[in-house]
Amino acid sequence: MRRVAVKIAYLGEDFSGSQIQPASRNLRTVQGEMLEKLLLIDHVPEERIDLKFASRTDAGVSALGNVVAFYTEFGDNDTLLRAINSVSRGIYYRAITDVPDDFNPRVAAKRYYRYTYPDHGIDIDAFREAAMLFEGHHDFCRFAKNETGRSTVMAIDYVRVTAEDGLIHTDFCADFYLWNMIRRIMAAVIEVGKHMTDCEDIKRKLAGEDGTFGLAKPAGLTLTDVTYDDVTFPKPEGCPYEKNLRRDLYLDGLRHSFHKFL
């Protein structure tokens, strides 16, 4: 039995968050789906799998590069990737690497997020100016859900705003994030873009003035990548989820055609 780390992707609309929920709630989660499929294809008892995530994602939040670690009896990584993808719906297992037993995926070097919002009715210059206020070292106490005992002082390495095809993408890079932090930041940025408030209001909240701007919808948020100083994910030979991707692209095409003709 050995420990591996796998880079995974999933659409948030398919799951009630990443973390498994009590069976009585009957909610589909990324962790629950993974455990079910690992028990189907592997020979590791559930209590020995030790499935851990790099980042938790709330219901509706997507991921392109979350990282999970677990134990497996598979001797070959490419075979494991093909096997788990063959039985999965809604999760793409993109890359895999061997890790030591003490590897904790939560101890990452950097985490990258993107929030996407339609540009209709948005002043893009005001939007970008507001987003850039959050770059650097700040106390984000007004832009995070309270977690007792945890400091709210931290740094965002960079914030980048780009616009294309009717969408505005806001990219973030940091060592870690506070709970609901990006969605609260984006709620403020969107309000500035709609001229519902201004940058001075955001500056006052960053300085500690009481008040919040609410919470942006989870559907716009994607965890795009998680990186490590001493762990890399080699690209597998061939696409281990090609069949699943073809199926989902076909379904996307049907949805696009339906909405196009409305």
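On a 1 Å grid over the protein atoms alone, a cavity is a set of points where a 1.4 Å probe fits but cannot get out, whereas a pocket is an open set with protein on both sides within 12 Å along at least five of seven lines; lining residues have an atom within 4 Å of a point. Grid points are joined across faces, edges and corners, and a volume is the space filled by probe spheres set on the points.

The model on display is predicted, so local features need pLDDT of at least 70 and side-chain atom pairs count only at pLDDT 80 or more, while totals for chains, interfaces and linings use all residues. Residues are numbered from 1 along each chain as its sequence is written, and side-chain values use heavy atoms, with hydrogens and water left out.

**The cavity**

The structure holds one cavity of 30 Å³ or more, and about 40 Å³ of space lies in the largest cavity. Select Ala-144, Lys-145, Asn-146, Glu-147, Arg-150, Ser-151, Thr-152 and Leu-178 to display its lining. By class, this lining has two nonpolar, three polar and three charged residues (Ala, Val, Leu, Ile, Met, Phe, Trp, Tyr, Cys and Pro count as nonpolar, Asp, Glu, Lys and Arg as charged, and the others, Gly among them, as polar).

**The core**

Next, select Phe-140. Leaving aside neighbours within four places in sequence, Phe-140 is in contact (heavy atoms within 4.5 Å) with Phe-134, Thr-152, Met-154, Ile-156, Leu-178, Met-181, Ile-185 and Leu-206. Two of these residues, Thr-152 and Leu-178, also line the largest cavity.

The largest nonpolar core has 77 residues, and Phe-140 is among those with the most contacts inside it, together with Ile-8, Met-34, Phe-70, Phe-134 and Ile-202. The largest share of this core, nine residues, comes from helix α5 (residues 181–193). Such a core is a set of buried Ala, Val, Leu, Ile, Met, Phe, Trp, Tyr and Cys residues joined through side-chain atoms within 4.5 Å. Buried means under 20% relative accessible area, exposed over 50%, and partly exposed in between (1.4 Å probe, protein chains only). Helices (H or I, at least four residues) and strands (E, at least two) are DSSP runs, numbered from the N terminus.

Turn now to the largest pocket, with a volume of about 910 Å³. Of its 28 lining residues, Leu-11, Glu-13, Asp-14, Tyr-92 and Asp-252 are the closest to the centre. Helix α7 (242–260) gives the most to this lining, with seven residues. The lining divides into 11 nonpolar, seven polar and 10 charged residues.

The second largest pocket contains about 690 Å³ of space. Select Arg-56, Thr-57, Asp-58, Trp-179 and Asn-180, the closest to its centre of the 27 residues that line it. Helix α5 gives the most to this lining, with three residues.

**Two buried polar side chains**

Select Asn-85 in helix α3 (residues 77–86). Asn-85 counts as buried because its relative accessibility is 1%. A polar atom of its side chain lies 3.0 Å from the backbone oxygen of Tyr-93.

Finish at His-169 in strand β9 (residues 167–174). His-169 counts as buried because its relative accessibility is 8%. Its side chain makes a polar contact with the side chain of Glu-164 (3.4 Å). A polar contact is a pair of N or O atoms within 3.5 Å; within protein, one must be able to donate a hydrogen and the other to accept it, and residues adjacent in sequence count only if both atoms are side-chain atoms.
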